[in-house]
Amino acid sequence: MTAHEIDYHIYGEEMQYVEIELDPQEAIVAEAGSFMMMDNGISMDTIFGDGSNQEKGVLGKLFSAGKRLLTGESLFMTVFLNAETGKKKVSFASPYPGKIVPIDLTNYGGKFVCQKDAFLCAAKGVSVGIEFSKRLGRGFFGGEGFIMQKLEGDGMAFVHAGGTMARKELTPGEVLKVDTGCIVGFTKDVDYNIEFVGGIKNTVFGGEGLFFATLRGPGVVYVQSLPFSRLASRVWAAAPQGGGKDKGEGSVLGGLGDILSGDNRF
């Protein structure tokens with residue numbers, strides 16, 4: 001497996017996009033909906049799966065693409081190919097506020113495991129597959145279920161983290177405890193499991209859930225400060241409920257709090 005070699009530059013702070021520079025006949029594969037802009041001369045092609053392992057034949061391609069349905073992704077991906085003689089650029093944007101993380105798979109033993117919706121794009125030749133959990137606790141309570149995505153190959157891949165991203169290098173045996181939804185991804189040697197928070201007060205009144213993830217080194221772990229599920233739940237909680245009346249930000253004052261704070265909508 002040999003992925004295309006690509007150059008890139010990441011722009012922005014909180015709403016980032018990555019610009020990929022493609023040499024002639026180089027290509028990059030991306031998830032649907034991540035495309036932002038491209039130079040004239042780059043061709044687009046919709047394919048089954050990620051375009052890797054084309055020698056498997058039709059049934060192999062269908063099986064490889066079909067596994068993507070288990071991660072909630074589309075059967076199809078889009079390939080952007082530089083069909084011209086000069087260098088061309090194509091850009092992909094992050095779906096919500098956060099950071100784009102470049103992952104050079106050659107530095108991580110050819111494999112990186114990430115949450116289901118983290119993948120943004122990768123050099124053509126990188127395999128985008130699924131990683132099954134072999135532990136029931138992790139599968140039922142891990143926040144990501146039994147299935148995560150795995151990126152395999154020897155090229156560049158780009159994943160997205162919500163909010164601010166933390167990179168932790170774990171030594172052998174070192175343990176990091178993380179909220180299950182805050183995991184972006186980790187290298188292949190990291191042992192991932194689920195641990196019960198413990199304690200009646202923590203369980204009933206802690207507000208942090210019943211379980212957290214334990215990540216045991218050696219390896220590298222990426223953690224996000226704002227998982228999309230947390231952002232979505234806060235937006236939903238603050239949205240108008242029932243007949244268009246909002247809940248107000250004035251605590252116990254409700255609508256009166258909105259008036260006092262300057263929100264005078266009628």
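Student: What kind of model is it, and what's the average pLDDT?

Tutor: This is a predicted model. The chain averages a pLDDT of 78, and 70% of the residues score at least 70.

Student: Where is the pLDDT below 50?

Tutor: Residues 138-145 are one such stretch, with 22 contacts in the model beyond near neighbours in sequence. Residues 249-253 are also below 50, and that stretch has five contacts of this kind.

Student: OK. How many helices and strands does the chain have?

Tutor: Five helices and 19 strands.

Student: And how much of the chain is buried?

Tutor: Of the 266 residues, 42% count as buried. The accessible surface of the chain is about 14,100 Å², and carbon and sulfur atoms make up 56% of that.

Student: What about contacts between residues at least 6 apart in sequence, what share join residues at least 24 apart?

Tutor: That share is 76%.

Student: Let's go inside. Which residues touch the most other members of the largest nonpolar core?

Tutor: Ile20, Phe92, Leu151 and Phe158, in a core of 40 residues.

Student: What is Phe158 in contact with, leaving aside its neighbours within four places in sequence?

Tutor: Its contacts include Ile6, Tyr8, Val18 and Ile20. Further along the chain, Phe158 also touches Ile100, Val101 and Pro102, as well as Ala118, Phe119, Leu120 and Cys121. There's a second, separate core too, with 14 residues, among them Val113, Met148, Phe186 and Ala213.

Student: Why does Tyr11 count as partly exposed?

Tutor: Because its relative accessible area is 30%, and partly exposed runs between the 20% limit for buried and the 50% limit for exposed.

Student: Switching to charges. How many salt bridges are there?

Tutor: Eight salt bridges. Glu13 makes one with Lys99, where the closest N and O atoms are 3.9 Å apart. That pair links distant parts of the chain, since Glu13 is in the loop between β1 (7-11) and β2 (17-22), while Lys99 is in strand β8 (residues 98-104), 86 residues away.

Student: Are Glu13 and Lys99 buried or exposed?

Tutor: Glu13 is exposed, at 57% relative accessibility. Lys99 is buried, with a relative accessible area of 17%.

Student: What else does Lys99 form a salt bridge with?

Tutor: Glu14, again at 3.9 Å from N to O. Glu14 sits in the loop between β1 and β2, 85 residues from Lys99 in strand β8. The relative accessible area of Glu14 is 43%, so Glu14 is partly exposed. Put together, Glu13, Glu14 and Lys99 are linked in a network of salt bridges.

Student: And Glu131 with Lys111, how far apart are N and O there?

Tutor: That salt bridge is 3.2 Å, N to O. Glu131 is in strand β11 (residues 127-132) and Lys111 is in strand β9 (residues 111-114), so their bridge ties together parts 20 residues apart in sequence. Both Glu131 and Lys111 are buried.

Student: Now the backbone. Which peptide bond is cis?

Tutor: The one from Gly217 to Pro218 is cis, with omega near 20 degrees. Pro218 lies in the loop between β18 (211-216) and β19 (219-224).

Student: What's the phi of Gln25?

Tutor: Positive, at about 70 degrees, although Gln25 is not a glycine. You'll find Gln25 in the loop between β2 and β3, and its 49% relative accessibility makes it partly exposed.

Student: Last one. Where does Ala32 lie?

Tutor: In the loop between β3 (27-30) and β4 (35-38). Ala32 is exposed, with a relative accessible area of 59%. In space, Ala32 and Phe76 are 7.8 Å apart, C-alpha to C-alpha, although 44 residues separate them in sequence.

Terms used. Residues are numbered from 1 along each chain as its sequence is written. This is a predicted model: local features need pLDDT of at least 70, side-chain atom pairs count only at pLDDT 80 or more; totals for chains, interfaces and linings use all residues. Side-chain values use heavy atoms; hydrogens and water are left out. Helices (H or I, at least four residues) and strands (E, at least two) are DSSP runs, numbered from the N terminus. Buried means under 20% relative accessible area, exposed over 50%, partly exposed in between (1.4 Å probe, protein chains only). A salt bridge is a side-chain nitrogen of Lys or Arg within 4 Å of a carboxyl oxygen of Asp or Glu. Contact means heavy atoms within 4.5 Å. Accessible areas come from the Shrake-Rupley method with a 1.4 Å probe; for residues, only the protein chains shown count as cover. A nonpolar core is a set of buried Ala, Val, Leu, Ile, Met, Phe, Trp, Tyr and Cys residues joined through side-chain atoms within 4.5 Å. pLDDT is the predictor's confidence in each residue, from 0 to 100.
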